[in-house]
Amino acid sequence: MTKKGYHMKRGQQLAILILLALAFPVYAQEPDYEEGIHFIRPVDGYIISDYTIPEFLSVEDVYVLACTEGDYPIKTSLLCLDNNNFVDLNNYKWTPDQNCYISDYNLKDFTCRDMMVQSEYTIDGENYRLTKNVRVNKLTKVLDHLLENQYSDGGWRDSLKTAYGIWGLSFYSEIFDYEIENGMKWLKLNRDDDEKCWPKSPCDMQQTANILGLLTISNYTDYYRVLNDGENFMKEMHLFYEQENTWKVSIFPNVPFTTVSLVGYEGEIIDTNFTLENDTWTDYSFKAVTGKELIVISDENIKAKILDQQGETLINYQGDNLSYDIPGACWSRNKRGEPCDLRTTLWNTMLDIPEEQIDQAKYYLENEMRNNTLVGYYLGDQDDPIDTSLFLYVMESSHKDEDWMDEIVDWVTYHQNNEGSWGDGNVTDKVVPTAIGGLALTKYGFNRSSEQIEDAEDWASENEEEVDVNDTVNQAALFSILRRNAHPLVTAVPRVLLVREALTTIDIFNPTTFNLDDVDYIFSDNLEEVLSLDKKSEISSYSYRKVKIRKSGNPSGTIYGYLTITNKDKQIGKIPVIVSDFPNLNITVTESLYVFGMNGDLQLTATKSAHEFICDVAWDSSEISTPGSFKISSETASFPVSFSRAVSKEEVYRGTVTCKSGDAQFTFPISPFFTRFSSEPLTVISGQSMVNSTDQHTSVLLKNNLDQDLTIDVSMDNFQEYFDFESRITLNPNEERNLTFMNTIPSGTNVTGQATITFTGLGRSKTTSIAVEVEYVPKKSYSLLKLIIILSFLSIVLGLLSYFGYTKREEIIKMLNKLNVVKMKQEVKNEESEIHEMKDEERELIIVNLFKIMRFQEKDDKDIARTLLKNFSREQVKRALEQSGNSLPGLDEEEPEKE
């Protein structure tokens, strides 16, 4: 076949597959789940998945999918690790081709922080357990307070609080877009109209920088140009210059012909002992370098001003002694050119202003770093971690590879308080430092599995109620820490939707402060043609909507799928759906049961629908128990029973069988009669396990382990026609007996194979096997001619020997006379003694065998003694029985019968 022909054939196959795909709909299939515990949760929504322990909110529906490789019923429960309280969950069979069960619970009914999900199942009476730890976060109310504090005009009382309010809502900007838009309008209307800064009067550069920085980290899109206008203002307010740019100081005399003593810069005199001209500005130039000092000393008051490289006035001075330190490329608190303000510069460094200005500002910040000899570098006040945290935040993108950055990180982490916060003072004083510290470490690469972030969240969650609900700044800072403890979600009642009727109703709850106004409902592919619903596009905060679900037709079998609920195209709920008919069940448990030892199995028959049922048994008596759950998936089933001790008794035990399928529950009282035995009834010890000749018999030792008579049925498969044995025997209490299987295989027969012998007593069976290997080997035959030749040869040999003996008779006699005649006689006597002893052994064996046969025939002692004494002497019988370890009471009393 050519390559071209091959490709044509593959193309035809592909076309056929495409046609088949169009002709037959493809239904969504559940993935293959590994053995273990899995959570059913919304995807591409608000769930944070980078935390090592799965997290849920305290009002959330939790769905647990437990799967095992074997087909065992599973029981799932929640265990609170804080106080060891637990709750058992309802189980629903899930997936038709895997042993998976889904369980559900609403966490608002289970107050716990650290929780374990455990699923248990039983194999051969031994319990197994699957576990997974879960963290339950308390739903924060901080977001409610932020929304409540926003005024109808869109603001939060003042400009800084409004910026913080917008920052808090920005974590869910797609939901709170209206509230954020109103806040931005307020900021635009309440700023300085000329400078575009805040507040209106007087303008505060630090507050303005703080507002602009918060809007930047809120990812505000600047629809109203609030951020853009503020950045333009900050570009102008930046003391932007390169080192050694030429600046100048201009001096004007207040008194005519003032004599100036000195003009110096960084320890070098520029001019000295001169006189200023009247009504004239005198200029002196110098190279501006950050940190260097300019001084002007006069004998009279003067006016002075310092101008930058662009000729813009930085400061105006009046007096007789000017001292000015050249600031860095920074921002001042109130006016450009005044001393640098560290906090203002840090917030401004986050803004979208020209890169060269940002680079110069960062260079200034680097020069302001200080070394803490214990734990690395820091910025600003050592007792205030905000500046160092902000520095870490702004430097992360451009300076992360610098060696000293790790020193900064160390300083921030080591200054975290033991309880998880940053800063000093009361809870309110620590909120903003903690928020900025967590923000910086997260930007640097820490995540929720990091101890520092986890501790900060724990501290904020435990102390949020200590913060004034009207304190917008701290409430917003708190929410930046606890933002993962609040996200849009919905819950459902019922939590697992069982659709059996043509119309089913489900309640969808919104237990959060989020107003959900773009809600959509999507059934999984395999449910779309079966189910439909009336969509409710809005669910207000802390409210619910009733949704009607309609079933079309009556699909065969059970269908498993999901109802996914979204808001603004993000999943906020995923509800398991089971479409089936209503389950029904009735069971009949066997009325009586033999139990040997401590364990047994009760059989039952079931009249049921096609559903699978998971059942538990509760007994009234503490003597009996049924561990774990068992499953009814067909018309017959069984469940184990265990007793606390092994005894022999007969008694009726009462109990209750409770079976569930979904939310349907069935209860059945039971009262079986138990005949209990302390042990297994029979022990079988096989004798010879190989029969390889027609005259070879075999036997099996049977032992009755009970304190009562035991009737045993004996059967053999395959070779029963070749062995003669008793098919039913009765053993006395605790009796041992050899059962002989007489070999009746005809001579000349070939028999090969395995014979299995089964012993059944009280419904319990034991087996043993005998290998049969009998082969017939025919004897060799000789022809008549060969026989005549052999006889003729023997006759000739005998004749020659006779002739030789007759002719040499005198010599032979003389030789025999020389032999020791006495010795020969003694040897003959010894041989006769050995023959006599052999006859005694044979006689004893015959006596013992006759004794055993008559015992097997159940003859009484007198009959046995009479028969033995009829054939043997009393001494011979006694001797034979004693040597074989047997006894015969009454032997001395019985007289032998006379002939």
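A residue is counted as buried when its relative accessible area is under 20%. By this criterion, buried residues make up 46% of the 899 residues in the protein, which is described here from a predicted model. Phe-639, with a relative accessible area of 0%, is therefore buried. The protein contains 19 helices and 45 strands. Of the contacts between residues at least 6 apart in sequence, 65% join residues at least 24 apart.

Aromatic rings were examined next. The count of aromatic pairs comes to 33. One of these pairs is formed by Tyr-164 and Trp-167, whose rings are arranged edge-to-face, with 5.9 Å from centre to centre and 65° between the planes. Both residues belong to helix α3 (residues 159-170), where they are three residues apart, or about one turn of the helix. An α-helix has 3.6 residues a turn, so residues three or four places apart point the same way. Tyr-164 has a relative accessibility of 5% and therefore counts as buried. Trp-167 is likewise buried, because its relative accessibility is 3%. A stacked arrangement is found for Phe-630 and Phe-639, because their planes lie at 25° and their ring centres are 4.9 Å apart. Phe-630 has a relative accessible area of 5% and so is buried.

Tyr-164 and Trp-167 also belong to a cluster linked by ring pairs. Charged side chains were found over the faces of two other rings. Lys-574 lies over the face of Tyr-562, at 4.6 Å from the ring centre. Arg-676 is placed over the face of Phe-643, and here the value is 3.9 Å from the ring centre.

The packing of helices was then considered. Two packed helices are described by the angle between their axes and the distance between the axes. Helix α3, which holds Tyr-164 and Trp-167, has an axis that comes within 10 Å of the axis of helix α4 (residues 177-189), and the two cross at roughly 160°. Angles over 145 degrees count as roughly antiparallel, and α3 and α4 are therefore roughly antiparallel to each other. The crossing in which α3 passes α4 is left-handed. On the side of α3, the contact is made by Ser-159, Thr-162, Ile-166, Leu-169 and Ser-170. On the side of α4, the contributing residues are Glu-179, Ile-180, Gly-183, Met-184, Trp-186 and Leu-187.

Helix α3 also takes part in covering helix α2 (residues 142-149): what covers the buried residues of α2 includes α3 and α13 (472-482). Helix α2 is mostly covered, with six of its eight residues buried. The buried residues of α2 are Val-142, Leu-143, Asp-144, His-145, Leu-146 and Asn-149.

A further helix pair is formed by α9 (residues 385-399) and α10 (residues 403-414), which pack at an angle of about 145° with their axes 10 Å apart. The crossing of α9 and α10 is left-handed. Residues of α9 in this contact include Pro-385, Phe-391, Leu-392, Met-395 and His-399. Among the residues that they meet in α10 are Trp-404, Met-405, Ile-408 and Trp-411.

Most residues other than glycine have a negative phi, and most peptide bonds are trans. The peptide bond from Ser-201 to Pro-202 is cis, with omega near -10°. Pro-202 is located in the loop between α4 and α5 (205-217). Val-493 and Pro-494 are likewise joined by a cis peptide bond, for which omega is about 0°. The loop that holds Pro-494 runs between β18 (491-493) and β19 (497-499).

A positive phi is found at Asp-44, which is not a glycine, with a value of about 40°. Asp-44 is situated in the loop between β1 (36-39) and β2 (55-57). Because its relative accessibility is 56%, Asp-44 counts as exposed. Asn-273, also not a glycine, has a positive phi of about 55°. Asn-273 lies in strand β12 (residues 268-275). Asn-273 has a relative accessible area of 63% and is therefore exposed.

Notes
Residues are numbered from 1 along each chain as its sequence is written. This is a predicted model: local features need pLDDT of at least 70, side-chain atom pairs count only at pLDDT 80 or more; totals for chains, interfaces and linings use all residues. Side-chain values use heavy atoms; hydrogens and water are left out. Rings of Phe, Tyr and Trp (its six-membered ring) pair if their centres lie within 6.5 Å; planes under 30 degrees apart count as stacked, over 60 as edge-to-face and the rest as tilted. Helices (H or I, at least four residues) and strands (E, at least two) are DSSP runs, numbered from the N terminus. Buried means under 20% relative accessible area, exposed over 50%, partly exposed in between (1.4 Å probe, protein chains only). A charge sits over a ring if NZ of Lys or CZ of Arg is within 6 Å of the ring centre and within 35 degrees of the ring normal. Axes are lines fitted to C-alpha atoms, for helices over the stretch in contact, and angles run from 0 to 180 degrees between N-to-C directions. Angles under 35 degrees count as roughly parallel, over 145 as roughly antiparallel, 65 to 115 as roughly perpendicular and the rest as oblique. A crossing is left-handed if the near helix is turned anticlockwise from the far one by less than a right angle, and right-handed if clockwise. Contact means heavy atoms within 4.5 Å.
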